[in-house]
Amino acid sequence: MSVGVGLALVPSDRDCQAISSLLSECESIGVEFAFALNTSNSIAHLSLMQASFEDQQTAIDLLQELDFQALESTARGQFLRQPMKVVDVSVWATKIVFLNFSLSPELRQLHTDVANLWLPKALRSSADPQSFSDISEGQKQSISATGYPFSYEQYLPHITLAHLKDGYGSAEKIGLINDLIKTLLPQAIRFERLVAFAVEPLGLCRQIIREWQI
């Protein structure tokens, strides 16, 4: 028996509400979702890493080595207190809608630090087993090596907004959403919490195990 644990950044309440309003507006103009953050009671989050463990406590104990209090005084800690630039919305694996963020050296290093702490003790099974279509070879290799599609060189900072009900015409749908984000979302999103969470199917974050204020 394994459990999936993720470490993620959670936006401010104001920005979470803006994301929810964006998805509601998408539905009002005819974009159909099989799943969406605004209707799933899921917390919007930008994952730093996800992994599978024999128990949750192992993952939490390993995170103590990051020393989050010390992190606050570092360049990375200062970076985390700054809003992160929104890049665009895209479709990954034919149906999964990502809100993408710019990847800074500090964010990449934080991902790497967490991956280096977790992976030696983690199981190599996926924290969120799904069947993904039309993903890159690098992402396939990342899943095989770590159980997570976006580890190390493949790291891709994003918030999963939704799954399209029908991938047909996805380019047109994403074009509509990208037009909407210009008016409904801020150009950069502020993250206020760092949370360890139980990874549920589709990568949902609904049960927070531990959290730290940024």
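In which strand does S47 lie? S47 lies in β3, strands being DSSP runs of E with at least two residues, numbered from the N terminus. The model is predicted, so that local features need pLDDT of at least 70 and side-chain atom pairs count only at pLDDT 80 or more, while totals for chains, interfaces and linings use all residues. Residues are numbered from 1 along each chain as its sequence is written, and side-chain values use heavy atoms, with hydrogens and water left out.

S47 is buried, with a relative accessible area of 7%, because buried means under 20% of that area (1.4 Å probe, protein chains only). The side chains of S47 and Q50 are joined by a polar contact of 3.1 Å, that is, a pair of N or O atoms within 3.5 Å, one able to donate a hydrogen and the other to accept it.

Q50 also belongs to the lining of the largest pocket, where Q50, D128, Q130, L202 and G203 lie nearest the centre among 26 lining residues. A pocket is an open set of points on a 1 Å grid over the protein atoms alone where a 1.4 Å probe fits, with protein on both sides within 12 Å along at least five of seven lines; lining residues have an atom within 4 Å of a point. Strands β3 (46-53), β5 (96-101) and β6 (158-164) each supply at least two lining residues, and β6 gives the largest share, three residues.

L202 leads on to the hairpin of β8 and β9, where L202 takes a positive phi near 70°. Strands β8 (residues 191-199) and β9 (residues 205-213) run antiparallel and are joined by seven bridges; pairing requires at least two bridges found by DSSP.

Methods:
Helices (H or I, at least four residues) and strands (E, at least two) are DSSP runs, numbered from the N terminus. Buried means under 20% relative accessible area, exposed over 50%, partly exposed in between (1.4 Å probe, protein chains only).
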